[in-house]
Amino acid sequence: MAGPRLVGDHEARKRGGVIVRHQGALRFLPASVVVRIASCPPISRVPGAPEPMLGIAHEGGEIVPVIALDEGDERAPRSRGTLVVCRYLGEPVGIVGCEVVETGSFEPDPNVEGAVVASGGPARTLDLAATFARLQGARAPLAERHEQGG
């Protein structure tokens, strides 16, 4: 009976996840955040939702809000063919507007804090917190209009 396999320091440093292209740059989504990658199902618009939220979709047996990463970016892919389902603060969320480049284990980039090496260059972690802060910021004008009766 073989004992547990010891992982060398080299293997232990690798980070599993998904590399996406967003706004022309490679970005990294850690495996601890990504739930699945799927073809984008039909999206139902939610009346009154802020612009970055495209709506909701039924995917993988659950209803997920779908957020567009590419709002206002002329270079972004217009195809909504791929949905990256992530968990953010324990809740599922679907992300569109980025191209999935590869999945796997990646070496940390020694020159860029928090980045991994993918396709020969750095891939910084995609900042989901900033994406959701932008969504929250888009809600404020909607709430004000609602309060003013508009």
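Ala, Val, Leu, Ile, Met, Phe, Trp, Tyr, Cys and Pro count as nonpolar, Asp, Glu, Lys and Arg as charged, and the others, Gly among them, as polar. By these classes, the largest pocket is lined by three nonpolar, four polar and five charged residues. The model is predicted: local features need pLDDT of at least 70, side-chain atom pairs count only at pLDDT 80 or more, and totals for chains, interfaces and linings use all residues. Residues are numbered from 1 along each chain as its sequence is written, and side-chain values use heavy atoms, with hydrogens and water left out.

**Strand pairing**

- Strand β10 (residues 121-125) pairs in the parallel sense with strand β2 (residues 25-30) over two bridges; strands are DSSP runs of E of at least two residues, numbered from the N terminus, and two strands pair if DSSP finds at least two bridges between them.
- T125 of β10 is the bridge partner of F28.
- Strand β9 (residues 116-118) runs antiparallel to β10, joined by three bridges, and V116 has A123 in β10 as its bridge partner.
- Two residues separate β9 and β10 in a hairpin, and S119 in the turn has a positive phi of about 50°.

**Largest pocket**

- A pocket is an open set of points on a 1 Å grid over the protein atoms alone, where a 1.4 Å probe fits, with protein on both sides within 12 Å along at least five of seven lines; lining residues have an atom within 4 Å of a point.
- The largest pocket holds about 170 Å³ of space, a volume being the space filled by probe spheres set on the points, which are joined across faces, edges and corners.
- Twelve residues line the largest pocket, and H22, Q23, L126, D127 and T131 are the closest to its centre.
- β10 and α2 (128-147) each supply at least two lining residues; α2 gives the most, with three, helices being DSSP runs of H or I of at least four residues.
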